[in-house]
Amino acid sequence: MIDGAAVDTRPTKIMYVAEATAHGGRDGYVTSQDGKLELRVAMPPALGGDGNGTNPEQLFAAGYSACFHNALVLVGRRAGYDLSGSTVAAKVGIGPNKQRGYGLAVALSVSLPVVDQDLATKLVDAAHEVCPYSNATRGNIEVTILLG
């Protein structure tokens with residue numbers, strides 16, 4: 001929110017559409033329309049499953065970390081910094097919410113070894129405004145960003 005007004009983060013133009021289909025929910029497999037993705041999905045043991053496959057939370061963590069890292073490199077480049085050697089790791093937690101459903105929480109661990117702490121904080125804040133995953137989750141789930 002800027003000055004109390006909600007910021008519109010919707011795209012003004014769709015440049016790419018990813019398409020995937022789930023077969024069997026959390027105990028089946030997922031495929032992408034282009035055939036580049038075909039993964040077995042399974043409930044993790046912590047949720048009562050056998051863990052013999054990936055799960056939506058791992059896929060979300062992979063997507064968010066890659067997207068946030070790309071946003072970080074972009075804002076770094078725009079500001080004149082080479083962020084080679086930087087990394088972003090994501091942890092995605094799932095658990096029951098107060099509405100008798102389930103919710104997610106995300107922790108992003110950002111490593112920026114080539115810049116000082118103050119600059120790292122500014123770049124991470126800027127990346128959090130640029131990243132589509134951050135824009136999609138803002139106000140919906142807790143996202144914690146840790147600089148290390």
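Start by selecting Asp116 and Asp118: at the start of α2, a side-chain oxygen of Asp116 comes to within 3.1 Å of the backbone nitrogen of Asp118. Keep in mind as you go that this is a predicted model.

**Along α2.** Now extend your selection to residues 117–130, which make up helix α2. This helix has 14 residues, and the distance from its first C-alpha to its last is 20 Å, close to the 20 Å expected at 1.5 Å a residue. Colour Leu119, Ala120, Leu123, Val124, Ala127 and His128 next; these are the buried residues of α2. An α-helix has 3.6 residues a turn, so residues three or four places apart point the same way. What do the buried residues of α2 pack against? Show α1 (56–78), β5 (102–111), α3 (132–137) and β6 (142–147), and you have the answer.

**Over to α1.** Select Asn55 and Glu57. Here, at the start of α1, a side-chain oxygen of Asn55 lies within 3.0 Å of the backbone nitrogen of Glu57.

The whole structure contains zero disulfides. Cys67 is in no disulfide, and the nearest cysteine sulfur, that of Cys131, is 3.5 Å away. A disulfide would need the two sulfur atoms to be within 2.5 Å. Are these two residues buried or exposed? Cys67 counts as buried because its relative accessibility is 18%, and Cys131 counts as buried at 0%; the cut-off for buried is under 20%.

**The open sheet.** Finish with β1, β2 and β3, three strands that form an open sheet in that order, with antiparallel pairing. β1 (20–23) and β3 (38–41) are the edge strands; each has a single partner strand, so one side of each has no neighbour in the sheet. From one strand to the next, the twist averages 20°. Zoom in on β1 and β2 (residues 28–32), which pair in the antiparallel sense over four bridges. For a last stop, pick His23, whose bridge partner in β2 is Tyr29.

How values were computed. Residues numbered from 1 in each chain as written. Predicted model: local features only at pLDDT ≥ 70, side-chain atom pairs only at ≥ 80, totals over all residues. Heavy atoms only, no water. Pairing = 2+ DSSP bridges. Helix = DSSP H or I, 4+ residues; strand = E, 2+ residues; numbered from the N terminus. Axes fitted to C-alpha atoms, helices over the stretch in contact; angles between N-to-C directions. Expected span 1.5 Å × (residues − 1). Buried < 20%, exposed > 50% of the residue type's maximum accessible area, 1.4 Å probe, protein only. Contact = heavy atoms within 4.5 Å. Polar contact = N/O pair within 3.5 Å; in protein donor to acceptor, adjacent residues only side chain to side chain.
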